[in-house]
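Subject: Structure handover

Hello,

Here is the structure for you to look over. My notes come after it.

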Amino acid sequence: MERVIYDEDHEAFRDVVKEFIKRYGTNEKREKWDADGEVDRATMLAAGESGIIGLSVPEEFGGAGMLQDYRFRAIVNEESIKAGLGSLAGAFGIQDDLAVPYLAHFGTQAQKEKWLPGMATGEVIGALAMTEPGTGSDLRSIKSVAKKVDGGWILNGAKTFISSGKTADLLVTFVKTGEGNRPDAFSLVLLENGMEGFEHGKKLHKMGFAGHDTAELSFTDVFIPDENLIGGVPGHGFVQLMRNLPLERLSIGVAAAAAAEAGLLWTLDYTKSREAFGQPVADFQNTRFKLADIATTVDVLWTYVDRAIELYGQQKLTPEEAAKVKFWCTEREWEVLDTCVQLHGGYGYILEYPVARAFVDARVHRIYGGTNEIMREIVARQVTGRK
Ligand SMILES: Cc1cc2nc3c(=O)[nH]c(=O)nc-3n(C[C@H](O)[C@H](O)[C@H](O)COP(=O)(O)OP(=O)(O)OC[C@H]3O[C@@H](n4cnc5c(N)ncnc54)[C@H](O)[C@@H]3O)c2cc1C
């Protein structure tokens, strides 16, 4: 089904992204990222140079000023995933959808001036650190505490599963700055790599997204100067998170739709060329019907996701709508990719094949960004009117 949210400028930008991927997203590069467990800095810098990251950085700080218009970011997300480069999509997404917006929306003028230009060029890699070893879904139970001292805050605690956590220069970090667990007991602080007492833990070996780093972090008496408190006033962290999480969820929805579409294309190619019982696998009625189902699901996914992108652009995408997009799209993605793996037979299980990598990558889409159970809770609260 024709998609209608993109105009000529977007399609011209898509060509730039495809060209970038052809040059920097080779199999050789991908294998190196997978072996190293991270996307290398040179690729991030090249992405900054080509205007592929920094899209959400306001123009006055050297970016493309697309903080509210997600269409250009969606193209980067789509094309990286369709090229079988989930780790690259992840590294770009963390920068533009998870880290930059907190500074761009809530940072003080001085924070924006100091950090955003480098985030547009890729010289400063950002991350968002919320989850802790003891809690993920229940964010108000975090144990990382920042105590007020003269000129700043002393932070103790730990975080885990932080995407880009090892490579990041700057981590937007969710901490407790007050008593109890009321929303105003929390703040977001900017943690800089190299601060005394800030350590990285062991490398986490994941089932998917092998080329994108996911880190454990620990903080022992880390001094965070007042100037690193996002927005300059404590007690706003929880509200700031709630304001940006819909974007993170929209971006996962886009990734899910792109992966489903990619799965369809890979499976069409494969089943047309693979023969069994003297005929292409694509010609069995079972395969034809499965492909018909998948093609229809992909159309519905894009129709739904594109509408959400439009609503986001009009500042009308509600947290409940973003939660619906996140859980529904990632569950369709999972079903689609499972079928695609099946239609590849044994080769579908071999990581050399993009469909196998997309399948393992997809598993975490139902977990991070808020689990799909938590997404249903958000929706159910609205639907039933009950907490
Ligand atoms: C690869 C990867 C990358 C990640 N990147 C980041 C990142 O960049 N930054 C970051 O901060 N975090 C990140 N995370 C963490 C991720 O967001 C959390 O793992 C997720 O939110 C779930 O938290 P948890 O693991 O503590 O699970 P828990 O909260 O312990 O949940 C365990 C199970 O209980 C269910 N559950 C919990 N509460 C309820 C409830 N009220 N009702 C019904 N079921 C419930 C959950 O749905 C889940 O099935 C990442 C995780 C992974 C695996």
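Predicted model: local features only at pLDDT ≥ 70, side-chain atom pairs only at ≥ 80, totals over all residues.

Residues are numbered from 1 along each chain as its sequence is written, and side-chain values use heavy atoms, with hydrogens and water left out.

**Domains**

The chain splits into domain 1 (8-124), domain 2 (127-235) and domain 3 (239-384). These bounds come from an automatic or database domain assignment. The C-alpha centres of domain 1 and domain 3 are 22 Å apart. Domain 1 puts 18 residues into the contact and domain 3 puts in 23. Contact here is heavy atoms within 4.5 Å.

About 1900 Å² is buried between domain 1 and domain 3, with 63% of it from carbon and sulfur atoms. Buried area is the accessible area (1.4 Å probe) that two parts lose on being put together, summed over both.

The count between domain 1 and domain 3 is one salt bridge (a side-chain nitrogen of Lys or Arg within 4 Å of a carboxyl oxygen of Asp or Glu). Five residue pairs are in polar contact across this interface, both residues at pLDDT 80 or more. A polar contact is a pair of N or O atoms within 3.5 Å; within protein, one must be able to donate a hydrogen and the other to accept it, and residues adjacent in sequence count only if both atoms are side-chain atoms.

On the side of domain 1 that touches domain 3, H4 and helix H5 (86-106) each supply at least two residues. H5 gives the most, with seven. Helices are DSSP runs (H or I, at least four residues), numbered from the N terminus.

The side chains of Lys-82 and Glu-261 form a salt bridge, 3.5 Å from N to O.

**Ser-87**

Ser-87 sits in helix H5. Is Ser-87 buried or exposed? Ser-87 counts as buried because its relative accessibility is 8%, and the cut-off for buried is under 20% relative accessible area (1.4 Å probe, protein chains only). Beyond its neighbours within four places in sequence, Ser-87 touches Asp-34, Val-39, Phe-209, Ala-210, Gly-211 and His-212.

**Helix H8**

H8 (residues 285-313) has 29 residues. From first C-alpha to last, H8 reaches 42 Å, close to the 42 Å expected at 1.5 Å a residue. Its buried residues include Leu-291, Trp-302 and Tyr-312. They pack against H4 (71-82), H7 (237-273) and H9 (319-343). Just after H8, Gln-315 has a positive phi of about 55°.

Best wishes

Key
Expected span 1.5 Å × (residues − 1). Buried < 20%, exposed > 50% of the residue type's maximum accessible area, 1.4 Å probe, protein only.
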